[in-house]
Amino acid sequence: MADHNPFLPTFGTSPPVLAGRDDVVARFTRAFERGPIHPDYTMLISGMRGVGKTVLLNEAEDAALRLGWRVVSVSASVRGLCQQITNAALEHLREAEDGRAPRRISSVSVLGAGVSWTEQPATKAGISVDLRSALTSLAERLADGNTGLLLTVDELQAVEREEATELAAAVQHIARRELLPLAFVGAALPEVDETLLTDRGMTFFQRCARARLLPLERNDTQSALRKPITGAGGRIDNDALDLAIHASGGHPFTIQLLGYHSWEMAAPDRRITAKHARVGVLEAEQAVLEQIVKPIWSGLSAIDRSFLQAMSIDNTDSDINTIAHRIGRSPNYAQTYRRRLIDAGAIQPAGRGKVCFTHQSLRPWLRSQQ
């Protein structure tokens, strides 16, 4: 009998089975092995909340560490992004000179314990401490040892323009012009396409290879649910599995929530039945509502919200022309907001001329607000 719950419904935590993302992992792994001339050496991963962007950053960092690389892992949602990276690069440089083993330095260690350069130093062995000089010095040092540096930046849609400009100029010069071993993987919400990537000064980010994360296909969703259960000594009935697959919508975070709560309900024998899965669906929907749906809603415009409220009238997929009529707009106008809401992760295509809610909990919640 197994007592350990194999699911991990926490944002940014790698799931027990990383299903449906092998192609992206293979892309950046090959790039690290082949060097700066590979087109995927600088990559931008985008997708809605909970689709697995941070998990893929973790995978990229692990792949680099396995190659003996050094890793800097930061979030653009924290102030002083470029100074964080500079401090981490200088710490890595000192450790490399001292012969210490490669490791990952993250925003947490830069801002807290674990990095000596928590206050801006004047110089280090005559090296200027601006971002480009620090990264260049480290990359040159690593090139001499046939290794490299991976820089990952999460929440890139939150970066301040001045920070983005400095970061883009430094990485583009080092990786793409000097061909030094500095790889870059960023992650952002789809809104980055309408903000950062529309800025003419952000050509580096515009030219990064793209990996757009979509919901998982049915077979991958099945693997993400069944394999952790059987691996932990449990089992799931076929009707329970079908119910969970349908309710998840292929959304990786929802899959973890469904698996976690269904497993808990199946104690003590760990055979998950349809009854357990139905409870798991209810628990998962409530968590998704609080952690994903409401944050999405808070960032929407009044017209975005009216579009979703018009959709909530339907009991199934919504027709775009019907929605346009309900909100008093033209079909072409409605198409603009269709794209905005898809990018925000609120809705998704459901066949020609139709859309549906990405998260099933949104419809009843909207109805309760009216």
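**Calling features in a predicted model**

Mentor: The structure holds 0 disulfides. The model is predicted, so local features need pLDDT of at least 70 and side-chain atom pairs count only at pLDDT 80 or more, while totals for chains, interfaces and linings use all residues. Residues are numbered from 1 along each chain as its sequence is written, and side-chain values use heavy atoms, with hydrogens and water left out.

Trainee: What makes cysteine 82 buried?

Mentor: Buried means under 20% relative accessible area, exposed means over 50%, and partly exposed is in between (1.4 Å probe, protein chains only). Cysteine 82 has 3%, so it is buried. Cysteine 208, at 4%, counts as buried too.

Trainee: What makes residues 22-34 a helix, and how does the reach of H1 compare with the span expected?

Mentor: Helices (H or I, at least four residues) and strands (E, at least two) are DSSP runs, numbered from the N terminus. H1 has 13 residues. The expected span is 1.5 Å times one less than the number of residues; for H1 that is 18 Å, and the helix reaches 18 Å from its first C-alpha to its last.

Trainee: How do you know that the buried residues of H1 line one face?

Mentor: The buried residues of H1 are Val24, Val25, Phe28, Ala31 and Phe32. Seen down the axis, they fall within an arc of 130 degrees, so they line one face of the helix. The arc is that of the directions from the helix axis to the C-beta atoms. An α-helix has 3.6 residues a turn, so residues three or four places apart point the same way. On the other side of H1, Asp22, Asp23, Glu33 and Arg34 are exposed.

Trainee: What covers the buried residues of H1?

Mentor: The cover includes strand E1 (42-46), helix H2 (53-66), strand E6 (149-154), strand E7 (182-188) and strand E8 (209-212). Just after H1, glycine 35 takes a positive phi of about 100 degrees.

Trainee: Why is E1 called mostly covered?

Mentor: In E1, 5 of its 5 residues are buried. Thr42, Leu44 and Ser46 are on one side, Met43 and Ile45 on the other, and both faces are covered.

Trainee: What makes E1 and E7 a pair?

Mentor: Two strands pair if DSSP finds at least two bridges between them. E1 and E7 have 5 and run parallel, with threonine 42 partnered by phenylalanine 184 in E7. E1 also pairs with E8 in the parallel sense, over 4 bridges; there, serine 46 has arginine 212 as its bridge partner.

Trainee: Which strands pair with E13 (residues 354-357)?

Mentor: Strand E11 (residues 318-319) is one of them, antiparallel and joined by 2 bridges; aspartate 319 partners lysine 354. Strand E12 (residues 347-349) also runs antiparallel to E13, with 3 bridges, and glutamine 348 stands opposite cysteine 356. The hairpin of E12 and E13 has 4 residues between the strands, and its glycine 351 takes a positive phi near 105 degrees.

Trainee: Where is the kink in H11?

Mentor: The kink is centred on leucine 289 and is about 45 degrees. The bend at a residue is the angle between axes fitted to the seven residues ending there and the seven starting there. H11 (residues 274-298) still reaches 34 Å, close to the 36 Å expected for its 25 residues.

Trainee: Is serine 312 buried or exposed?

Mentor: Serine 312 has a relative accessible area of 1%, so it is buried. It is found in the loop between helix H12 (302-311) and E11. Not counting residues up to four places away in sequence, serine 312 touches Phe357, Arg363, Leu366, Arg367 and Gln370.

Terms used. A disulfide is a pair of cysteine sulfur atoms within 2.5 Å. Contact means heavy atoms within 4.5 Å.
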